[in-house]
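User: I would like to go through some terms used for a structure. Please show it to me.

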Amino acid sequence: MPKMKTKRGAAKRFIVRGSGSIKRGHAFKRHILTKRTTKNKRQLRGTTEIHKSDVAAAKTLLPYA
């Protein structure tokens with residue numbers, strides 16, 4: 001049986017913590033930011049945990065994480 005491959009797009013987007021939870025970056029922070037408020041841009045900083053309904057899908061994309 002060959003090794004399972006990790007989906008590289010998912011590996012670049014998600015980081016699995018030691019506890020097993022998965023963190024992600026915020027979307028909508030790349031370009032066309034002039035129309036966004038300062039508050040909105042500030043709240044998009046940093047990382048957050050992925051939603052519990054998406055955890056199973058993310059784990060299948062990262063078989064060894």
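User: How much space lies in the largest cavity?

Analyst: About 30 Å³ of space lies in the largest cavity. This is a predicted model, where local features need pLDDT of at least 70, side-chain atom pairs count only at pLDDT 80 or more, and totals for chains, interfaces and linings use all residues. Residues are numbered from 1 along each chain as its sequence is written, and side-chain values use heavy atoms, with hydrogens and water left out.

User: What makes a space a cavity, and what makes it a pocket?

Analyst: On a 1 Å grid over the protein atoms alone, a cavity is a set of points where a 1.4 Å probe fits but cannot get out, whereas a pocket is an open set with protein on both sides within 12 Å along at least five of seven lines. Lining residues have an atom within 4 Å of a point. A volume is the space filled by probe spheres set on the points, which are joined across faces, edges and corners.

User: Which residues line the largest cavity?

Analyst: V16, I22, A58, K59, L62 and A65 line the largest cavity.

User: How much space lies in the largest pocket, and which residues line the largest pocket?

Analyst: The largest pocket holds about 250 Å³ of space. Its lining is R13, F14, R24, G25, H26, A27, F28, K29 and R30.

User: Why is D54 called partly exposed?

Analyst: The relative accessible area of D54 is 42%, so D54 is partly exposed (buried means under 20%, exposed over 50%, partly exposed in between, with a 1.4 Å probe and protein chains only).
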